[in-house]
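Biologist: I have not looked at this one before. Can you walk me through it?

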Amino acid sequence: MIEPIYLNHAGTSWPVPTPVADAVCEAMRAHPVEWPDRFLKAHAAVCRFFGVADPDQLLLTPGCTSSLSTAVASVDLPAGSHVLTSRWEHHAVYGPLQKLSANGVVVDVVPDGDDSPMDLGSLEQSLATKDARLVAITAACNVSGDLLPITQIIELSHRYDAMVLIDAAQIVGWMDLPLDELGADMVAFGGHKGLQAPWGIGGLYMAKSAKLKCATAQCAIPDPKTGATSSQWGSRPGYCDVGSVDQYSLAGLEAALHRLGETTRLADLEVARQQVSRLRETLSGDRRVTLYGMAEGSRRLPTIAFSVAGETSGQSAERLRKHGLIVGSGLQCSPLSHEAMGTSETGVVRISVGVRQPENEIAVACERLADFCAGAH
Ligand SMILES: Cc1ncc(COP(=O)(O)O)c(C=O)c1O
């Protein structure tokens, strides 16, 4: 039996690094008296990693999906107002947006540019002519890895007084994301992809300037003098943090960030892009393979989306599994992207390398991919 090589890190990273797994186990054994302090320390570490000065601006959540639906539900969107989004959204963004239409909110999908997943001219036109209150976009398409120009989108949207929500699920761990500096009103992320933390933990950043309308009950911590507690209504979304955050996964996230913090994100991304370009080159020699996404590697995350003529993506993925490569297939929870790519019927195969994936695995993966291509004829 050949040892399979895991190449689906854009779905979930694997294996969990040893210090991360150790931190989870250690947290499971911690005494309850330690829980509040452990929570505060880990929360502060997450804020430090993301350049957030005030921990109240970063809500810990069960993951990016949860962050995104909390964010969308917290924006004041009257009937007749517009939300703008891209053609490349994961359902975790597009699903909550679609539900808004029941309240009379209009969701507009901004078209692509000639050489970009979003046409900034069309975006500006919508911002200028419609009552656009929110621009909700992914930082990178989870199918193709294509990056959206988020800095320009934030700047443009703010010029027209629209708030911006960024789905950072794909870019965290690959790109530096200093949230206080970025300027987005809200940023959602999860731990289990590029950050290499366990499932069950993520975050929602809310800028001080973000005008939110929340009806979230927050449990007040008992007054140390009187012991009295009271229920409050916050102006920010909130959970009863210490009681409801997965503290084991949070401990894993803290350890994962500590590990990643040792080098800059850019160095890991450059290595992974080179690895992916070797895999892509192997595929591009095969006439039956169609590659998706922007040609220029520097405008993509280390992800490859492709299909093989005459096969569904599930069939290709199964053949790849027999060649010892574990990849993603199907619609990757992003039917909108597949509509844009014209691949709704067959889906695509997605190969995505991990942060610091061992070089020898990539060399073997190239050989196995070449065998796969040879077998497709
Ligand atoms: C772009 C994008 N957004 C949101 C999500 C949902 O993330 P989570 O699994 O942390 O809820 C994913 C995960 O596949 C994703 O790729």
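Biologist: Where does Gln332 lie?
Modeller: Gln332 sits in the loop between strand E13 (325-326) and helix H12 (335-341). Keep in mind that this is a predicted model.

Biologist: What is phi like at Gln332?
Modeller: Gln332 has a positive phi of about 50°, although Gln332 is not a glycine.

Biologist: Another loop, then. Is the peptide bond from Trp14 to Pro15 cis or trans?
Modeller: The bond from Trp14 to Pro15 is cis, with omega near 0°. Pro15 belongs to the loop between strand E1 (5-6) and helix H1 (18-28).

Biologist: Let's zoom out. Which domains does the domain assignment give?
Modeller: The assignment gives domain 1 as 5-14 + 263-375, and domain 2 as 18-212 + 242-260.

Biologist: What separates the centres of domain 1 and domain 2?
Modeller: Taken over C-alpha atoms, the centres of domain 1 and domain 2 are 25 Å apart.

Biologist: And how many residues are in contact there?
Modeller: On the domain 1 side 36 residues are in contact, with 32 residues of domain 2. Between them the two domains bury about 2,900 Å², and 57% of that is on carbon and sulfur atoms.

Biologist: Which three residues supply more of the area that domain 1 buries than any other three?
Modeller: Those are Arg265, Leu301 and Leu336, which supply 25% of the area that domain 1 buries against domain 2.

Biologist: Now helices. What describes two packed helices?
Modeller: The angle between their axes and the distance between the axes.

Biologist: At what angle do H10 and H13 cross?
Modeller: The axes of H10 (residues 265-284) and H13 (residues 359-375) cross at roughly 10° and come within 9 Å. Angles under 35 degrees count as roughly parallel, so H10 and H13 are roughly parallel to each other.

Biologist: Which residues of H10 and H13 make the contact?
Modeller: H10 contributes Gln275, Arg278, Leu279, Thr282 and Leu283. From H13 come Glu359, Ile362, Ala363, Ala365, Cys366, Leu369, Ala370 and Cys373. By class, the contact of H10 with H13 has nine nonpolar, two polar and two charged residues.

Biologist: What about H3 and H4, how do their axes cross?
Modeller: H3 (residues 64-73) and H4 (residues 91-100) have axes that come within 9 Å and cross at roughly 30°. That angle makes H3 roughly parallel to H4.

Biologist: Is the crossing of H3 and H4 left-handed or right-handed?
Modeller: H3 passes H4 in a right-handed crossing. Thr65, Leu68, Ser69 and Val72 in H3 meet Ala92, Val93, Pro96, Leu97 and Leu100 in H4. Seven residues of this contact are nonpolar and two are polar, with no charged ones.

Biologist: One more pair. How do the axes of H5 and H6 cross?
Modeller: The axes of H5 (residues 120-129) and H6 (residues 150-159) cross at roughly 20° and come within 9 Å. H5 and H6 are therefore roughly parallel to each other, and their crossing is right-handed.

Biologist: Which residues of H5 and H6 make the contact?
Modeller: On H5 the contact is made by Leu120, Leu123, Glu124 and Leu127, and on H6 by Gln152, Ile153, Leu156, Ser157 and Arg159. The contact of H5 with H6 has five nonpolar, two polar and two charged residues.

Terms used: Residues are numbered from 1 along each chain as its sequence is written. This is a predicted model: local features need pLDDT of at least 70, side-chain atom pairs count only at pLDDT 80 or more; totals for chains, interfaces and linings use all residues. Side-chain values use heavy atoms; hydrogens and water are left out. Axes are lines fitted to C-alpha atoms, for helices over the stretch in contact, and angles run from 0 to 180 degrees between N-to-C directions. Helices (H or I, at least four residues) and strands (E, at least two) are DSSP runs, numbered from the N terminus. Angles under 35 degrees count as roughly parallel, over 145 as roughly antiparallel, 65 to 115 as roughly perpendicular and the rest as oblique. A crossing is left-handed if the near helix is turned anticlockwise from the far one by less than a right angle, and right-handed if clockwise. Contact means heavy atoms within 4.5 Å. Ala, Val, Leu, Ile, Met, Phe, Trp, Tyr, Cys and Pro count as nonpolar, Asp, Glu, Lys and Arg as charged, and the others, Gly among them, as polar. Domain bounds come from an automatic or database domain assignment. Buried area is the accessible area (1.4 Å probe) that two parts lose on being put together, summed over both.
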